[in-house]
Amino acid sequence: MPQSAPHACSHVGCAALVRNAARCPEHARVKEHERGNPSARGYDYAWQKRRDVHLSFNPLCVYCLRDNRVTVATICDHVLPHRGDPVLFAGPIQSLCKRCHDSVKAKEEADL
């Protein structure tokens, strides 16, 4: 399988060349450390249980239903973006399919 052409690390100011990743090994670790792992961001066992219960009672994507389409939801999404706020993290959630979560919802949040 051919390798990709080398390109600069996407970390601002880094000129290291990488082939199959966005960041060099040093800055890949920095980014993960800054953001934290999913459990550190609140997506722990309690969240997984909440997600599973919600999706079992609400198995269809609410955005697709709004457009008269029936699509199985695979993502449990926060109605209000929490951005690390524990009060908003515990707030209302909704069922979305991956397509709506990655496109429609992402555009809505970018506009906020």
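## Basis of the model

Residues are numbered from 1 along each chain as its sequence is written, and side-chain values use heavy atoms, with hydrogens and water left out. In this predicted model, local features need pLDDT of at least 70 and side-chain atom pairs count only at pLDDT 80 or more, while totals for chains, interfaces and linings use all residues.

## Overall build

The protein chain has 5 helices and 4 strands. Helices (H or I, at least four residues) and strands (E, at least two) are DSSP runs, numbered from the N terminus. Along the sequence the order is β-β-α-α-α-β-α-β-α.

The C-alpha trace spans about 50 × 30 × 30 Å along its principal axes. The radius of gyration of the protein chain is 18 Å, whereas a compact globule of 112 residues would be near 13 Å. That radius is taken over C-alpha atoms, and the globule rule is 2.2 Å times the number of residues to the power 0.38. Buried residues make up 25% of the 112 residues. Buried means under 20% relative accessible area, exposed over 50%, and partly exposed in between (1.4 Å probe, protein chains only).

## Helix H5

Helix H5 covers residues 98-110, 13 residues in total. From first C-alpha to last, H5 reaches 17 Å, close to the 18 Å expected at 1.5 Å a residue. The expected span is 1.5 Å times one less than the number of residues.

H5 bends by about 25° at valine 104. The bend is the angle between axes fitted to the seven residues ending at a residue and the seven starting there.

## The largest pocket

The largest pocket has a volume of about 490 Å³. Its lining has 19 residues, and Tyr43, Asp77, His78, His82 and His101 lie nearest the centre. Helix H2 (45-57), strand S3 (75-78) and H5 are the elements that give two or more residues to this lining. By class, the lining has 7 nonpolar, 5 polar and 7 charged residues. Ala, Val, Leu, Ile, Met, Phe, Trp, Tyr, Cys and Pro count as nonpolar, Asp, Glu, Lys and Arg as charged, and the others, Gly among them, as polar.

A pocket is an open set of points on a 1 Å grid over the protein atoms alone, where a 1.4 Å probe fits, with protein on both sides within 12 Å along at least five of seven lines; lining residues have an atom within 4 Å of a point. Points are joined across faces, edges and corners, and the volume is the space filled by probe spheres set on them.

## Loop residues

Asparagine 68 sits in the loop between H3 and S3. Its phi is positive, about 60°, although it is not a glycine. Asparagine 68 is exposed, at 74% relative accessible area.

Arginine 83 lies in the loop between S3 and helix H4 (86-89). Arginine 83 is not a glycine either, yet has a positive phi of about 45°. At 61% relative accessibility, arginine 83 is exposed.

Glycine 91 is in the loop between H4 and strand S4 (93-96). Glycine 91 is buried, at 15%. Its C-alpha is 42 Å from that of leucine 17, 74 residues away along the chain.

## Helix residues

Valine 62 belongs to helix H3 (residues 62-66). It is partly exposed, at 34% relative accessibility. Valine 62 and serine 95 are 33 residues apart in sequence but 6.1 Å apart in space, C-alpha to C-alpha.

Proline 25 is in helix H1 (residues 25-35). At 58% relative accessibility, proline 25 is exposed.
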